[in-house]
Amino acid sequence: MTSHPAPPIKHDADRRARFFAVVAFERFIPARQTVGFEIANRILVRAADRILAAMQGGSVGRIGHNSIEFSFRAADVAAARHDLSHCLALLERRLEIAGVAFQLTGTVAFAPIPADQTAVTDELFDAVLAALSGDGQGAPAGGGGRIRQIDTRLPSSVQLDDLALLRALPAALAADELHVVYQPKLDCRTGRHLSAEALLRWESPTLGPVSTIRMITLAERTGAIRDITIWVIRQVLRDQAVLHAAGHDLCIFVNMSGPLLSDQGFMAEVMGMIASAQGRLGIEITETSVIEDPQAAIETLTALAAADVPVAIDDFGSGLSSLAYLKRLPVSELKIDKMFISQLTSSNRDPLIVRASIDLAHAMDMTVTAEGVEDGMCQSLLHVMGCDALQGYHIARPMPLPGLLAFLRDTPARPAPAPAPVDTPPVRLVHAANTRRAR
Ligand code: C2E
Ligand code: MG
Ligand code: MG
């Protein structure tokens, strides 16, 4: 176990618990490119001053490109949360540097520093960073949200060791430790199962269940994602043969990472596999990946469209894509990011965004899928809004092939919800949703 050098922990008579935290600022790196390094650094230094002002017994460690590490003291976890919430509020107050006004938006992850440790260990540090990157494996005990708490009681070898994970991955692929689960997608109007999405899972005998998003993120960094994606497509094609034999002609969408779109050798291999496949395969690509290299994305997508492979833009809305090239993409479907769906019936803004996304997609001749549909009220609202397809725990959780076969066999097409006014203005929808919640 090695120790992380920053931040220093004060040794004094204060007997309250010690905590380590990292705050990361959203959209700070592009802002830094706009205003220059000097101004950006001054912003972070001012932010660090605010942290010191807000946190008792605080001491600031390393200041990164868009983050600040710090330690502080609090009576317990609840008090730490309370102080961090105050700290975030202070950080988000407008600040002015060199005549330019800035408004920071931060997310903070924190963990108690065990009483017997004098420094922040690498494991603790990695766990906090993993929680900030939305990594499910770090399993922040405090959930997602803007203040994320790490449960340090989780065995660190399972949570934290990225290197061990990367080392184990090739063998896991060869040993078929990975498997694919399927999450069906429902036609909003007919209630029929339109297609399913393939999602990767890894149950490692030594590391335990590995978070998918963590594995994918690491594999994207090392290039292992290429082999993983080929493995997934092969597995999906095998499973599709089983589905076909059981009488189901279901299109299955495979997730594809952005960097692969510009890998011509990889794409040629994928096209070959698709061409010789018995079943129908579709591709989901994340909106952010399209943004990273629009030209490569457009060329690949054009080739896929020519081969009649349906392509969906995943996580739409999370990447702030440019409409200018979105209209040039030969894609057939937009999947609205679940972050807009999860609070559809409780937020004021999300219904407006979702409604606008649906209209936008329809204007571009695309169908719209809402992902992350978790309850019936959300389903009804999406139906009213004119959404075409639904996916989420309310419809079905991701399941292995036998589960999918049983689901397709046993779940009859659900009748579409009662007809609803198609042109209901968004504001009334919000109002209607809130009224129903209040009852
Ligand atoms: P995604 O493609 O946007 O998939 C949706 C994620 O939301 C899945 O997480 C799914 O399990 C989860 N989900 C589905 N319905 C609900 C719901 O109602 N509520 C909530 N809270 N979550 C729901 P999962 O399986 O952990 O996958 C995470 C991401 O990892 C995927 O997001 C996708 O971007 C990526 N991924 C998964 N499998 C692969 C793969 O084979 N290749 C690549 N490149 N990426 C993959
Ligand atoms: Mg997806
Ligand atoms: Mg998605």
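Buried means under 20% relative accessible area, exposed over 50%, and partly exposed in between, with a 1.4 Å probe and protein chains only. This is a predicted model in which local features need pLDDT of at least 70 and side-chain atom pairs count only at pLDDT 80 or more, while totals for chains, interfaces and linings use all residues. Residues are numbered from 1 along each chain as its sequence is written, chains are lettered from A and ligands numbered from 1 in the order in which they are written, and side-chain values use heavy atoms, with hydrogens and water left out.

**View 1. Site of the magnesium ion (ligand 2).** Glu-197 (OE), Asn-255 (OD1), Glu-284 (OE) and Asp-314 (OD) coordinate the ion at 2.1 to 2.3 Å. Donors are N, O and S atoms within 2.8 Å of the metal (3.2 Å for Na, K and Ca); water is not among the atoms, so sites may look incomplete. Along the chain the donors of this ion have the spacing E-x57-N-x28-E-x29-D. Glu-197 belongs to strand E11 (residues 193-204) and Glu-284 to strand E14 (residues 281-286), so the pair ties together parts that are 87 residues apart in sequence. Helices (H or I, at least four residues) and strands (E, at least two) are DSSP runs, numbered from the N terminus. Glu-197 and Glu-284 are both buried.

**View 2. Site of the magnesium ion (ligand 3).** The donor residues are spaced D-D-x55-E in sequence. Asp-315 in strand E15 (residues 311-316) and Glu-371, in the loop between strand E17 (367-370) and helix H15 (376-385), are 56 residues apart. Glu-371 is buried, at a relative accessible area of 9%. Asp-314 coordinates both this ion and the magnesium ion (ligand 2), and the two ions are 4.0 Å apart.

**View 3. The largest nonpolar core.** A nonpolar core is a set of buried Ala, Val, Leu, Ile, Met, Phe, Trp, Tyr and Cys residues joined through side-chain atoms within 4.5 Å. This one has 79 residues, and those with the most contacts inside it are Tyr-182, Trp-202, Val-236, Met-256, Val-354 and Leu-382. Helix H8 (residues 225-245) gives the most to this core, with 9 residues. A second, separate core of 31 residues includes Ala-40, Ala-74, Ala-80 and Leu-84.
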